[in-house]
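Colleague: Hi! I'm new to this one, could you walk me through it?
Modeller: Happy to, let me bring it up.

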There are 2 protein chains.
Amino acid sequence: MRWTRQACVEFDAEDVLGELRALFTLPDDRIYLDGNSLGALPAAVPHVLQRVVAQEWGQDLISSWNTHEWLQLPQRVGDKIARLVGAAPGELIVTDSTSINLAKVLSAALALARDRSPARTEIVSERTNFPTDLYVAEGVARLAGASLRLVDIDIDSGSDGGGGVRNAVDDHTAVVLLTQVDYRTGRMLDLAEITATAHHAGALMVWDLAHSAGAVPVDLHEADADFAVGCGYKYLNGGPGAPGFVWMHPRHAAEARQPLQGWLGHADPFAFDADYRPAPGVLGFQAGTPPILSLAALECGVDTVLAAEPFGGVAALRAKSTALTSLFIDLVDDRCPGMQVVSPRAAVERGSQVSLTADVGIDMYALVQALISRGVIGDFRAPDVARFGFAPLYTRFVDVWDAVERLAAVTDSEAWRDPRFAQRAPVT
Amino acid sequence: MRWTRQACVEFDAEDVLGELRALFTLPDDRIYLDGNSLGALPAAVPHVLQRVVAQEWGQDLISSWNTHEWLQLPQRVGDKIARLVGAAPGELIVTDSTSINLAKVLSAALALARDRSPARTEIVSERTNFPTDLYVAEGVARLAGASLRLVDIDIDSGSDGGGGVRNAVDDHTAVVLLTQVDYRTGRMLDLAEITATAHHAGALMVWDLAHSAGAVPVDLHEADADFAVGCGYKYLNGGPGAPGFVWMHPRHAAEARQPLQGWLGHADPFAFDADYRPAPGVLGFQAGTPPILSLAALECGVDTVLAAEPFGGVAALRAKSTALTSLFIDLVDDRCPGMQVVSPRAAVERGSQVSLTADVGIDMYALVQALISRGVIGDFRAPDVARFGFAPLYTRFVDVWDAVERLAAVTDSEAWRDPRFAQRAPVT
């Protein structure tokens, strides 16, 4: 069919997930396509924070660790996230940032792998992985006397990575660390297939779910993964810098040990023992005192994703997401001839975002700024990519239509040539 | 003089710091003597959080990293804390938890010490240091092939530690790690004297300022310390689990490197380079994305301490704090014969808290609960200590009087024998 704006309006009217948009407070005058970077504000947050601040902190003070169960918050929110990623209650904990959690998980995995075979001293990852993953892996490797080996996975190689990992893993590999959905291109890898490849070579598999959790179906048990980390502030809508999470397969619970031994990872923190005894399982991946205000906001964000459960849950969100991204690609192909789709065209190989680049001569940074000035919020990633995220909880089909209308207007008019759009801000 | 309640009321009326209490929202019906564990709620927090949530997150969304300078928040709040601990702008950064920050700092310090001499592989700390410090040190030591040596410092040995450190440091010592004010006893060490002892032995000095910053004068430059970490949620009033901070002496800025290499510690995070290049100086101690909501609350908390600057700043706060703790000790001596003061009696050797224990037969846990039931909030620390913190920003002399009245009533009546007070909550 030939798409029309009216068809998009009708699609939204019939969308069973459509009412979930009311769970968010969104700006009236902008189309927000950056939920892959910072999820929108759940409408419940101001009220919840008001309660946590005024009553719990202000009035009940230190007793709130017990009476308002602040101490259980990392587990309670963890159990909620577990439902979104195919994990069981008690296996997933909210703590620290994704970077710090990755350091814990990689350290634990390296130690486990070496216990099996001292020759396993290599972390294998992807050259274009999100930089923090590579930085953390390099830091952990140096500290542990291990090394980091980077492989290339071609964007067109399919969701199994086309052998990029298979050819790299051998009996020196301790851990394979990959991000399921690439932050730059939106390319999505097959969790189960690549995990099996790693295991076949005797290596452990660590997944970064930063751009997956809450947007695409993830089943960590079905994939038989070993460890996972993820981000609270993207599709989980937890707010700027919300804490991240750690999942560990229960088969490692007895043996795995991570080196960032803080008091809340102790089996009995309030015994104030001089010696560290890790709490059982993933609880031992906690370290210091968690930021309660940010955690309370994260719980509201996770609740927005769980609100989709009566409508089919993450599977339904995923169906809508692929419809949104496919529509965007169709419309861009149709109306923006200078633009090239960087993301995989096969929906099964694509996360919840579409990345574009352009013919030589178009400054993609300036193009993103020109679009922002017209009320369409995407973002730019060096060196030449414009990213558009389609969070299925609050993005409408009509938003996709209107966004491409404005993109076409920017490319047709070459509005991006305006010098004010070339001026770079610190965060781009 | 013989103290009276009326004298306390008059003291409060004449206290130039008295008006700062209005910067807080406090419960009407309780006397809060636990600001050493969780600082009280600054009255500005609800309004600031409302703005950060509703406008910055909700309306301005991802652009707030630039337009509302979220990216600069760790440095801006860090520069404010720097004014409280004798550090210069740019030397102190707010990031992660105290536990995680200690792991970064100890790792960096161990590496620096080994560069000087490979034989320096020992971290020296105190057996009764706050457990998280010991747990982190043990974890870092194991990872780095170093070891942890614990020394005893007697409570009565004076603010220089009475040789406990001096006798332990030698040419195997890489780092001395101490907490300035002991969490359990309130004993305060002399920053400059012990730092000089560590340096004399060729070791680096790391201070944990968790129970110091905001309550006692700290001059890191005068003490010539090497690194410091501290906590945001005690005397800095940053809210439950507020992020901590790291300070590094500028002489280490060029060489020091910490292994938890997250993207926000990169010299140019938004270049998305595959290779890690640490940001200069203490900026390289950042790792992942900071929890902005908790950070915004922390800024309000730090501002309450800075509000004392026109009245003499931390020196004036300290003068009031020692007056409060001295009054408490005098009154307890006078009215609670079964209680024994654990904290040093010399004010110069004591932080902003007083810890009590009791004759055999009195259950101090139950005693604390009995006091709480009468509206006096202190806390218990295993095995037998009741702690009372006197945050000078919001504690009044009349609060001290009333607290001791109720303590005397509890001890006189043996109210702590009520079985409901013996029931332990998870956080004690």
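This is a predicted model: local features need pLDDT of at least 70, side-chain atom pairs count only at pLDDT 80 or more; totals for chains, interfaces and linings use all residues.

Colleague: Great. How many helices and strands are there in chain A?
Modeller: Chain A has twelve helices and 15 strands. Its radius of gyration is 22 Å, close to the 22 Å that the globule rule gives for 428 residues, so chain A is as compact as a globular protein of that length.

Colleague: And what box do its C-alpha atoms fill?
Modeller: Roughly 70 × 60 × 40 Å, taken along the principal axes.

Colleague: Now the pairing. What rotation superposes chain B on chain A?
Modeller: A rotation of 180 degrees does it, with 0.0 Å of shift along the axis and an RMSD of 0.0 Å. The two copies are thus related as by a two-fold rotation axis.

Colleague: Which residue of chain B comes closest to that axis?
Modeller: That's B:Ser294, whose C-alpha is 2.9 Å from the rotation axis. Both copies use the same surface, and 100% of the contact residues of chain B recur in chain A.

Colleague: How many residues are in contact between the chains?
Modeller: There are 75 residues of chain B in contact with 75 residues of chain A. On the chain B side, at least two residues each come from helix 2 (45–60), helix 3 (64–67), helix 5, helix 6, helix 9 (292–306) and strand 14 (379–381).

Colleague: Which of those gives the most?
Modeller: Helix 6 of chain B, with eleven residues on the side that touches chain A. By class, that side of chain B divides into 47 nonpolar, 20 polar and eight charged residues.

Colleague: Let's stay with helix 6 of chain B. At what angle does helix 5 of chain B pack with it?
Modeller: At about 40 degrees, with the axes of helix 5 (residues 98–116) and helix 6 (residues 131–144) of chain B 9 Å apart. The two helices are therefore oblique to each other. Their crossing is right-handed.

Colleague: Which residues meet there?
Modeller: From helix 5 of chain B, they include B:Leu102, B:Ala103, B:Leu106 and B:Leu110. Helix 6 of chain B brings residues including B:Asp133, B:Val136, B:Ala137, B:Gly139 and B:Val140. The residues of this contact between helix 5 and helix 6 of chain B divide into eight nonpolar, five polar and one charged.

Colleague: Helix 9 of chain B came up too. At what angle do helix 4 and helix 9 of chain B cross?
Modeller: The axes of helix 4 (residues 73–82) and helix 9 of chain B cross at roughly 20 degrees and come within 10 Å. That makes helix 4 and helix 9 of chain B roughly parallel to each other, and helix 4 passes helix 9 in a left-handed crossing.

Colleague: Who makes that contact?
Modeller: On helix 4 of chain B it's B:Leu73, B:Pro74, B:Val77, B:Lys80 and B:Ile81. On helix 9 of chain B it's B:Ile292, B:Leu295, B:Leu298, B:Glu299, B:Val302 and B:Leu306. Sorted by class, the contact of helix 4 with helix 9 of chain B has nine nonpolar, no polar and two charged residues.

Colleague: Back to chain A for a moment. How do helix 1 and helix 12 of chain A pack?
Modeller: Helix 1 (residues 5–14) and helix 12 (residues 397–413) of chain A pack at about 155 degrees, their axes 7 Å apart. Helix 1 and helix 12 of chain A are therefore roughly antiparallel to each other. Among the residues in the contact are A:Cys8, A:Val9 and A:Phe11 of helix 1 and A:Phe397, A:Val400 and A:Trp401 of helix 12.

Colleague: Changing topic: where is there a cis peptide bond?
Modeller: In chain A, one joins A:Ala382 and A:Pro383, with omega of about 5 degrees. A:Pro383 sits in the loop between strand 14 (379–381) and strand 15 (385–389) of chain A. In chain B, the bond from B:Ala382 to B:Pro383 is cis, with omega near 0 degrees.

Colleague: Last one: which residue has a positive phi although it is not a glycine?
Modeller: B:Leu61, with phi of about 50 degrees. You'll find B:Leu61 in the loop between helix 2 and helix 3 of chain B.

Notes. Residues are numbered from 1 along each chain as its sequence is written. Chains are lettered from A and ligands numbered from 1 in the order in which they are written. Axes are lines fitted to C-alpha atoms, for helices over the stretch in contact, and angles run from 0 to 180 degrees between N-to-C directions. Helices (H or I, at least four residues) and strands (E, at least two) are DSSP runs, numbered from the N terminus. Angles under 35 degrees count as roughly parallel, over 145 as roughly antiparallel, 65 to 115 as roughly perpendicular and the rest as oblique. A crossing is left-handed if the near helix is turned anticlockwise from the far one by less than a right angle, and right-handed if clockwise. Two residues are in contact if their C-beta atoms, placed from the backbone, lie within 7 Å. Ala, Val, Leu, Ile, Met, Phe, Trp, Tyr, Cys and Pro count as nonpolar, Asp, Glu, Lys and Arg as charged, and the others, Gly among them, as polar. Copies are superposed by least squares on the C-alpha atoms of residues with pLDDT of at least 70 in both. The radius of gyration is taken over C-alpha atoms; the globule rule is 2.2 Å times the number of residues to the power 0.38.
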